[in-house]
Amino acid sequence: MLQRILALLILLLFSTAIHAAAPSVELRDLDGRPRNANEFIGHGKWTVVVAWAHDCLICKREIHEMAAFHVAHKDRDAIVLGVSIDGMDKLREAREFVADHKLPFVNLIAEPEQEVMMAFGGGPFIGTPTYYIYDPSGKIVARNVGPTSQHDVEKFIDGYNANP
């Protein structure tokens, strides 16, 4: 767990050079309607964007952590936004993943293309799961590739709030 927190803090140091506002990333919701990620990022709450895929074993094992984080924080200080990289060709599988895991947060679908995911910031997209953490103003402050728990995100946010 300490390694995860350190990884997030290292990414925080990396990302301090990034001062962009909330990313404008045109995607679709799971009903096929156009949506933009900036509808959910930078509106006075922390936002954790989790990029996942329906066939990602780590995603299947860990996504409940972000569901719990979202439920615990959505009415106070933070939300989660899911981004499936399955693409519209696998929309059915993405919908099944959301239903099977009873995800309580909005999920959008992206085509599995590097430039789409790069728009979220923090460097090249490596794989799923990837977590992007944005402060309440919409600035990316961390990115983590691999498992991340509710506790890891809460500890990171608490540390960031203590030393912005």
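Strand 3 and strand 6 run antiparallel and are joined by 5 bridges. This is a predicted model, and that pairing is a handy way into it. Across the pair, Val49 sits opposite Tyr132 of strand 6.

On its other flank, strand 6 (residues 130-134) pairs with strand 7, again in the antiparallel sense and again over 5 bridges. Two of the cross-strand partners can be picked out by name. Thr130 faces Val145 of strand 7, while Tyr134 has Ile140 as its bridge partner in that strand. Strands 6 and 7 make a hairpin with 5 residues between the strands, and here Gly138 takes a positive phi near 100°.

Zooming out, these strands belong to an open sheet of 7 strands with mixed pairing, laid out in the order 2-1-5-4-3-6-7. The edges go to strand 2 (34-36) and strand 7 (140-145); each has a single partner strand, so one side of each is left without a neighbour in the sheet. Ignoring direction, neighbouring strands are turned by 30° against each other on average.

Back to strand 6, and to how well it is covered. Of its 5 residues, 5 are buried. In a regular strand, side chains alternate between the two faces of the sheet. Strand 6 can be read that way: Thr130, Tyr132 and Tyr134 point one way, Tyr131 and Ile133 point the other way, and all are buried.

Helix 2 (residues 57-73) lies across strand 3 (46-52), strand 4 (78-84) and strand 6, and runs at about 150° to strand 4. Helix 5 (residues 150-162) lies across strand 3, strand 6 and strand 7, and its angle to strand 3 is about 145°.

Leaving aside residues up to four places away in sequence, Met117 touches Ala51, Val83, Ile85, Ala110, Phe125 and Tyr132.

How values were computed. Residues are numbered from 1 along each chain as its sequence is written. This is a predicted model: local features need pLDDT of at least 70, side-chain atom pairs count only at pLDDT 80 or more; totals for chains, interfaces and linings use all residues. Side-chain values use heavy atoms; hydrogens and water are left out. Two strands pair if DSSP finds at least two bridges between them. Helices (H or I, at least four residues) and strands (E, at least two) are DSSP runs, numbered from the N terminus. Axes are lines fitted to C-alpha atoms, for helices over the stretch in contact, and angles run from 0 to 180 degrees between N-to-C directions. Contact means heavy atoms within 4.5 Å. Buried means under 20% relative accessible area, exposed over 50%, partly exposed in between (1.4 Å probe, protein chains only).
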